[in-house]
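Here are some notes to read beside the model. Please keep the structure open while going through them.

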Amino acid sequence: MGEAVLELEDVTVRFRLRRGDLTAVNGVSFAIARGETFGLVGESGSGKSVTARAIMRLIPHPPGEIQSGRILFEGEHVLAKSDAEMRALRGRRIAMVFQEPMSALNPVFTVHDQISDALRTNLKLSKAEARERVIELLSQVGIPSPHKRLDSYVHEFSGGMRQRVMLAMALSCSPSLLIADEPTTALDVTIQATILELITGMIERLGMSLLFITHNLGVVAHACDKIGVMYASHLVELGDKREIFANPQHPYTIGLLNSIPRLDAQSKYLTPIQGSVCNMMEPPTGCKFHPRCAHAMDLCRREVPKFREIAPGHMAACHLHGQG
Ligand code: SF4
(Lines give C-alpha, C1' and ligand atoms only; values in the text may rest on other atoms or scores of the structure.)
Protein backbone atom coordinates (compact mmCIF):
# COMPACT_ATOMS: atom_id res chain seq x y z
CA MET A 1 0.00 0.00 0.00
CA GLY A 2 1.19 3.55 -0.74
CA GLU A 3 1.33 6.34 1.81
CA ALA A 4 -1.73 6.12 4.09
CA VAL A 5 -4.01 9.15 4.23
CA LEU A 6 -6.25 7.61 6.87
CA GLU A 7 -5.59 4.82 9.37
CA LEU A 8 -8.06 3.45 11.88
CA GLU A 9 -6.64 1.15 14.54
CA ASP A 10 -8.99 -0.84 16.77
CA VAL A 11 -11.59 1.95 16.97
CA THR A 12 -14.52 1.36 19.32
CA VAL A 13 -17.49 3.75 19.63
CA ARG A 14 -20.04 3.27 22.38
CA PHE A 15 -23.32 5.01 23.19
CA ARG A 16 -24.62 5.15 26.76
CA LEU A 17 -28.38 5.13 26.34
CA ARG A 18 -31.13 5.07 28.94
CA ARG A 19 -31.92 1.49 27.92
CA GLY A 20 -28.27 0.41 28.26
CA ASP A 21 -24.94 0.58 26.45
CA LEU A 22 -24.70 0.10 22.70
CA THR A 23 -21.42 -0.60 20.92
CA ALA A 24 -21.89 0.84 17.42
CA VAL A 25 -18.29 0.31 16.21
CA ASN A 26 -16.26 -2.53 17.66
CA GLY A 27 -12.48 -2.67 17.20
CA VAL A 28 -12.51 -1.52 13.58
CA SER A 29 -9.16 -1.19 11.76
CA PHE A 30 -8.49 -0.25 8.15
CA ALA A 31 -6.34 2.15 6.14
CA ILE A 32 -6.86 4.20 2.98
CA ALA A 33 -3.87 5.09 0.81
CA ARG A 34 -3.46 8.41 -1.00
CA GLY A 35 -5.57 8.39 -4.14
CA GLU A 36 -7.33 5.16 -3.11
CA THR A 37 -11.10 4.66 -3.14
CA PHE A 38 -12.40 2.56 -0.24
CA GLY A 39 -15.97 1.27 0.03
CA LEU A 40 -17.41 0.54 3.47
CA VAL A 41 -20.40 -1.73 2.94
CA GLY A 42 -23.10 -3.22 5.15
CA GLU A 43 -26.79 -3.13 6.02
CA SER A 44 -28.30 -0.24 7.97
CA GLY A 45 -27.18 -0.27 11.58
CA SER A 46 -23.86 -2.02 10.87
CA GLY A 47 -21.82 0.96 12.11
CA LYS A 48 -20.64 2.45 8.80
CA SER A 49 -21.93 5.98 9.34
CA VAL A 50 -20.82 6.02 12.98
CA THR A 51 -17.33 5.07 11.77
CA ALA A 52 -17.39 8.05 9.36
CA ARG A 53 -18.57 10.39 12.09
CA ALA A 54 -15.85 9.10 14.41
CA ILE A 55 -13.23 10.02 11.78
CA MET A 56 -14.71 13.54 11.63
CA ARG A 57 -15.05 13.59 15.46
CA LEU A 58 -18.77 14.24 15.05
CA ILE A 59 -20.02 11.68 17.59
CA PRO A 60 -22.39 13.52 19.95
CA HIS A 61 -20.99 13.31 23.47
CA PRO A 62 -22.97 12.38 25.50
CA PRO A 63 -24.41 9.86 24.76
CA GLY A 64 -21.67 8.74 22.34
CA GLU A 65 -17.97 8.27 22.97
CA ILE A 66 -14.96 7.07 20.99
CA GLN A 67 -13.96 4.68 23.69
CA SER A 68 -10.67 3.38 22.37
CA GLY A 69 -8.41 3.07 19.36
CA ARG A 70 -6.44 5.47 17.17
CA ILE A 71 -7.41 7.49 14.12
CA LEU A 72 -4.51 8.90 12.11
CA PHE A 73 -5.14 11.36 9.31
CA GLU A 74 -2.03 12.21 7.26
CA GLY A 75 -0.03 10.97 10.25
CA GLU A 76 -1.80 13.26 12.77
CA HIS A 77 -3.74 11.88 15.74
CA VAL A 78 -7.33 12.97 15.16
CA LEU A 79 -8.45 11.98 18.67
CA ALA A 80 -5.77 14.17 20.27
CA LYS A 81 -6.81 17.34 18.42
CA SER A 82 -8.55 20.26 20.11
CA ASP A 83 -12.02 21.36 18.93
CA ALA A 84 -10.43 24.34 17.13
CA GLU A 85 -7.95 22.06 15.34
CA MET A 86 -10.82 19.77 14.29
CA ARG A 87 -12.79 22.71 12.91
CA ALA A 88 -9.74 23.62 10.80
CA LEU A 89 -9.46 20.02 9.58
CA ARG A 90 -13.12 19.54 8.61
CA GLY A 91 -13.99 20.91 5.20
CA ARG A 92 -10.40 22.01 4.55
CA ARG A 93 -8.66 18.62 4.61
CA ILE A 94 -11.47 16.09 5.11
CA ALA A 95 -14.87 16.79 3.57
CA MET A 96 -18.10 14.87 3.83
CA VAL A 97 -21.10 14.41 1.54
CA PHE A 98 -24.28 13.16 3.20
CA GLN A 99 -27.17 11.03 1.96
CA GLU A 100 -29.64 13.89 2.28
CA PRO A 101 -28.08 17.15 1.02
CA MET A 102 -30.76 19.20 2.80
CA SER A 103 -29.36 18.06 6.14
CA ALA A 104 -26.04 19.73 5.29
CA LEU A 105 -27.17 22.67 3.16
CA ASN A 106 -28.79 25.70 4.74
CA PRO A 107 -32.20 26.57 3.23
CA VAL A 108 -32.00 30.27 4.16
CA PHE A 109 -28.72 31.05 2.37
CA THR A 110 -28.07 31.06 -1.38
CA VAL A 111 -25.81 28.42 -2.88
CA HIS A 112 -23.19 31.10 -3.48
CA ASP A 113 -23.21 32.28 0.14
CA GLN A 114 -22.81 28.74 1.49
CA ILE A 115 -19.93 27.71 -0.75
CA SER A 116 -18.14 31.06 -0.66
CA ASP A 117 -18.36 31.11 3.13
CA ALA A 118 -16.22 27.94 3.26
CA LEU A 119 -13.79 29.39 0.70
CA ARG A 120 -13.41 32.70 2.48
CA THR A 121 -13.00 31.09 5.91
CA ASN A 122 -10.68 28.25 4.91
CA LEU A 123 -8.73 29.68 1.98
CA LYS A 124 -8.98 33.38 2.87
CA LEU A 125 -10.20 34.30 -0.63
CA SER A 126 -11.55 37.78 -1.31
CA LYS A 127 -15.27 38.22 -2.08
CA ALA A 128 -14.64 38.49 -5.83
CA GLU A 129 -12.20 35.54 -5.89
CA ALA A 130 -14.66 33.39 -3.93
CA ARG A 131 -17.50 34.23 -6.35
CA GLU A 132 -15.35 33.25 -9.35
CA ARG A 133 -14.35 30.02 -7.62
CA VAL A 134 -17.99 29.14 -6.80
CA ILE A 135 -18.93 29.55 -10.49
CA GLU A 136 -15.98 27.33 -11.45
CA LEU A 137 -16.95 24.67 -8.88
CA LEU A 138 -20.62 24.62 -9.91
CA SER A 139 -19.54 24.24 -13.51
CA GLN A 140 -17.17 21.36 -12.58
CA VAL A 141 -20.01 19.44 -10.90
CA GLY A 142 -22.22 19.91 -13.96
CA ILE A 143 -24.66 22.64 -12.87
CA PRO A 144 -25.86 24.33 -16.07
CA SER A 145 -25.52 28.14 -16.30
CA PRO A 146 -23.71 28.35 -12.96
CA HIS A 147 -23.37 32.15 -13.09
CA LYS A 148 -27.20 32.32 -13.09
CA ARG A 149 -27.84 29.56 -10.55
CA LEU A 150 -25.36 30.58 -7.86
CA ASP A 151 -27.76 33.08 -6.28
CA SER A 152 -30.56 30.46 -6.05
CA TYR A 153 -31.62 28.77 -2.82
CA VAL A 154 -31.30 25.00 -2.42
CA HIS A 155 -35.08 24.44 -2.50
CA GLU A 156 -34.94 25.68 -6.11
CA PHE A 157 -32.76 22.68 -7.08
CA SER A 158 -33.81 19.06 -7.73
CA GLY A 159 -32.45 16.23 -5.52
CA GLY A 160 -29.65 15.40 -7.99
CA MET A 161 -28.70 19.07 -8.40
CA ARG A 162 -28.62 19.53 -4.59
CA GLN A 163 -26.23 16.61 -4.35
CA ARG A 164 -24.04 18.33 -6.99
CA VAL A 165 -24.09 21.53 -4.90
CA MET A 166 -23.12 19.48 -1.83
CA LEU A 167 -20.26 17.96 -3.80
CA ALA A 168 -19.11 21.40 -5.01
CA MET A 169 -19.07 22.55 -1.39
CA ALA A 170 -17.20 19.43 -0.24
CA LEU A 171 -14.57 19.79 -2.96
CA SER A 172 -14.26 23.57 -2.65
CA CYS A 173 -11.10 23.47 -0.51
CA SER A 174 -9.51 20.49 -2.35
CA PRO A 175 -9.51 18.13 0.67
CA SER A 176 -7.20 15.09 0.76
CA LEU A 177 -10.09 12.81 1.78
CA LEU A 178 -13.74 12.85 0.78
CA ILE A 179 -16.18 10.83 2.89
CA ALA A 180 -19.37 10.13 0.95
CA ASP A 181 -22.08 8.66 3.21
CA GLU A 182 -24.72 6.97 1.01
CA PRO A 183 -24.60 9.97 -1.38
CA THR A 184 -26.81 8.35 -4.01
CA THR A 185 -29.35 6.45 -1.87
CA ALA A 186 -32.06 9.15 -1.90
CA LEU A 187 -31.83 9.65 -5.69
CA ASP A 188 -33.53 7.78 -8.51
CA VAL A 189 -31.49 5.19 -10.37
CA THR A 190 -30.42 7.21 -13.43
CA ILE A 191 -29.38 10.21 -11.30
CA GLN A 192 -27.54 7.81 -8.95
CA ALA A 193 -25.35 6.63 -11.81
CA THR A 194 -24.58 10.22 -12.90
CA ILE A 195 -23.66 11.36 -9.38
CA LEU A 196 -21.52 8.25 -8.86
CA GLU A 197 -19.63 8.92 -12.08
CA LEU A 198 -19.22 12.55 -11.10
CA ILE A 199 -17.75 11.63 -7.69
CA THR A 200 -15.33 9.04 -9.07
CA GLY A 201 -14.31 11.35 -11.93
CA MET A 202 -13.60 14.27 -9.57
CA ILE A 203 -11.70 12.04 -7.13
CA GLU A 204 -9.46 10.80 -9.92
CA ARG A 205 -8.93 14.23 -11.42
CA LEU A 206 -8.10 15.87 -8.09
CA GLY A 207 -6.01 12.93 -6.79
CA MET A 208 -8.04 12.65 -3.56
CA SER A 209 -8.85 9.57 -1.48
CA LEU A 210 -12.44 8.44 -1.04
CA LEU A 211 -14.26 6.67 1.77
CA PHE A 212 -17.55 5.62 0.19
CA ILE A 213 -20.24 4.35 2.53
CA THR A 214 -23.07 2.31 1.09
CA HIS A 215 -25.35 -0.67 1.74
CA ASN A 216 -25.00 -1.63 -1.93
CA LEU A 217 -22.06 -3.83 -2.99
CA GLY A 218 -23.05 -3.22 -6.63
CA VAL A 219 -22.28 0.49 -6.18
CA VAL A 220 -18.78 -0.10 -4.79
CA ALA A 221 -18.05 -2.42 -7.72
CA HIS A 222 -17.96 0.73 -9.87
CA ALA A 223 -16.61 3.26 -7.41
CA CYS A 224 -13.93 1.59 -5.24
CA ASP A 225 -10.50 -0.09 -5.33
CA LYS A 226 -10.80 -1.67 -1.91
CA ILE A 227 -13.77 -2.92 0.14
CA GLY A 228 -14.48 -3.30 3.85
CA VAL A 229 -17.65 -5.17 4.88
CA MET A 230 -19.22 -4.32 8.24
CA TYR A 231 -21.76 -6.36 10.16
CA ALA A 232 -23.26 -5.43 13.53
CA SER A 233 -20.39 -3.06 14.52
CA HIS A 234 -17.52 -5.37 13.36
CA LEU A 235 -15.45 -5.24 10.20
CA VAL A 236 -15.91 -8.81 8.94
CA GLU A 237 -14.05 -8.77 5.60
CA LEU A 238 -11.50 -6.49 3.96
CA GLY A 239 -9.60 -6.66 0.71
CA ASP A 240 -9.03 -5.58 -2.83
CA LYS A 241 -12.29 -5.22 -4.80
CA ARG A 242 -11.36 -7.85 -7.38
CA GLU A 243 -10.38 -10.34 -4.67
CA ILE A 244 -13.60 -9.74 -2.66
CA PHE A 245 -15.81 -10.16 -5.73
CA ALA A 246 -13.92 -13.17 -7.09
CA ASN A 247 -13.19 -14.92 -3.82
CA PRO A 248 -15.45 -13.72 -0.95
CA GLN A 249 -14.70 -15.55 2.29
CA HIS A 250 -17.19 -14.35 4.89
CA PRO A 251 -20.72 -15.83 4.65
CA TYR A 252 -22.17 -12.33 5.13
CA THR A 253 -20.19 -10.95 2.14
CA ILE A 254 -21.29 -13.96 0.09
CA GLY A 255 -24.90 -13.22 1.11
CA LEU A 256 -24.54 -9.56 0.06
CA LEU A 257 -23.08 -10.61 -3.29
CA ASN A 258 -25.92 -13.07 -3.87
CA SER A 259 -28.44 -10.31 -3.31
CA ILE A 260 -27.10 -8.09 -6.14
CA PRO A 261 -29.22 -8.33 -9.31
CA ARG A 262 -27.08 -9.70 -12.19
CA LEU A 263 -27.83 -9.83 -15.89
CA ASP A 264 -26.04 -13.20 -16.24
CA ALA A 265 -27.88 -14.81 -13.26
CA GLN A 266 -29.23 -18.35 -13.81
CA SER A 267 -32.36 -17.66 -11.77
CA LYS A 268 -34.71 -14.70 -12.08
CA TYR A 269 -34.96 -14.62 -8.26
CA LEU A 270 -32.44 -12.98 -5.91
CA THR A 271 -31.18 -14.88 -2.89
CA PRO A 272 -31.71 -12.66 0.16
CA ILE A 273 -29.81 -13.10 3.44
CA GLN A 274 -32.12 -14.89 5.86
CA GLY A 275 -33.31 -13.06 8.99
CA SER A 276 -32.58 -9.51 9.94
CA VAL A 277 -29.79 -7.54 11.60
CA CYS A 278 -29.52 -8.34 15.31
CA ASN A 279 -30.76 -6.04 18.05
CA MET A 280 -27.62 -4.10 18.93
CA MET A 281 -28.85 -3.51 22.49
CA GLU A 282 -28.78 -7.28 23.00
CA PRO A 283 -26.42 -8.70 20.39
CA PRO A 284 -25.93 -12.47 20.13
CA THR A 285 -22.88 -14.03 21.77
CA GLY A 286 -19.88 -15.11 19.70
CA CYS A 287 -20.11 -14.25 16.01
CA LYS A 288 -22.95 -11.75 15.67
CA PHE A 289 -23.87 -13.20 12.30
CA HIS A 290 -24.48 -16.71 13.67
CA PRO A 291 -28.32 -16.51 13.89
CA ARG A 292 -28.38 -15.85 10.11
CA CYS A 293 -25.47 -18.05 9.04
CA ALA A 294 -26.02 -21.42 7.33
CA HIS A 295 -22.52 -22.54 8.44
CA ALA A 296 -22.87 -21.66 12.15
CA MET A 297 -21.17 -24.14 14.54
CA ASP A 298 -21.13 -24.34 18.34
CA LEU A 299 -17.87 -22.39 18.38
CA CYS A 300 -19.57 -19.55 16.47
CA ARG A 301 -22.12 -19.15 19.26
CA ARG A 302 -19.37 -19.02 21.92
CA GLU A 303 -16.44 -17.07 20.51
CA VAL A 304 -16.08 -13.90 18.49
CA PRO A 305 -13.94 -14.88 15.47
CA LYS A 306 -10.62 -13.05 15.10
CA PHE A 307 -10.05 -10.76 12.12
CA ARG A 308 -7.19 -12.54 10.38
CA GLU A 309 -5.34 -12.48 7.08
CA ILE A 310 -6.46 -15.40 4.91
CA ALA A 311 -4.57 -14.38 1.77
CA PRO A 312 -2.14 -11.49 1.14
CA GLY A 313 -4.14 -8.29 1.80
CA HIS A 314 -7.40 -10.24 2.31
CA MET A 315 -8.77 -10.37 5.87
CA ALA A 316 -11.89 -12.02 7.28
CA ALA A 317 -13.42 -12.70 10.69
CA CYS A 318 -14.95 -16.16 10.47
CA HIS A 319 -14.30 -19.44 12.31
CA LEU A 320 -14.39 -21.26 8.94
CA HIS A 321 -10.94 -19.75 8.35
CA GLY A 322 -9.05 -20.98 11.39
CA GLN A 323 -9.68 -20.74 15.10
CA GLY A 324 -8.04 -19.34 18.17
S1 SF4 B 1 -17.98 -17.40 12.40
FE2 SF4 B 1 -19.50 -19.00 12.18
S3 SF4 B 1 -21.48 -17.97 12.26
FE4 SF4 B 1 -19.92 -16.41 11.90
S5 SF4 B 1 -19.89 -16.20 9.72
FE6 SF4 B 1 -18.31 -17.69 10.22
S7 SF4 B 1 -19.33 -19.68 10.08
FE8 SF4 B 1 -20.92 -18.12 10.13
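1. The model is predicted, with local features needing pLDDT of at least 70 and side-chain atom pairs counting only at pLDDT 80 or more, while totals for chains, interfaces and linings use all residues. Residues are numbered from 1 along each chain as its sequence is written, and side-chain values use heavy atoms, leaving out hydrogens and water.

2. An open sheet of mixed pairing is built from eight strands, ordered β6-β7-β8-β3-β9-β10-β12-β11. Strands here are DSSP runs (E, at least two residues), as helices are (H or I, at least four), numbered from the N terminus; two strands pair if DSSP finds at least two bridges between them. At the edges, β6 (94–97) and β11 (308–311) each pair on one side only.

3. Strands of a sheet pair through backbone hydrogen bonds, either parallel or antiparallel. Strand β3 (residues 37–41) runs parallel to β9 (residues 226–231), with four bridges. G39 has I227 in β9 as its bridge partner.

4. Helix α7 (residues 159–171) packs on the sheet and touches β6 and β7 (177–181); contact means heavy atoms within 4.5 Å. The direction of α7 makes about 175° with that of β6 (axes are lines fitted to C-alpha atoms, for helices over the stretch in contact, and angles run from 0 to 180 degrees between N-to-C directions). Helix α8 (residues 189–206) also packs on the sheet, touching β3, β7 and β8 (209–214), at about 160° to β8.
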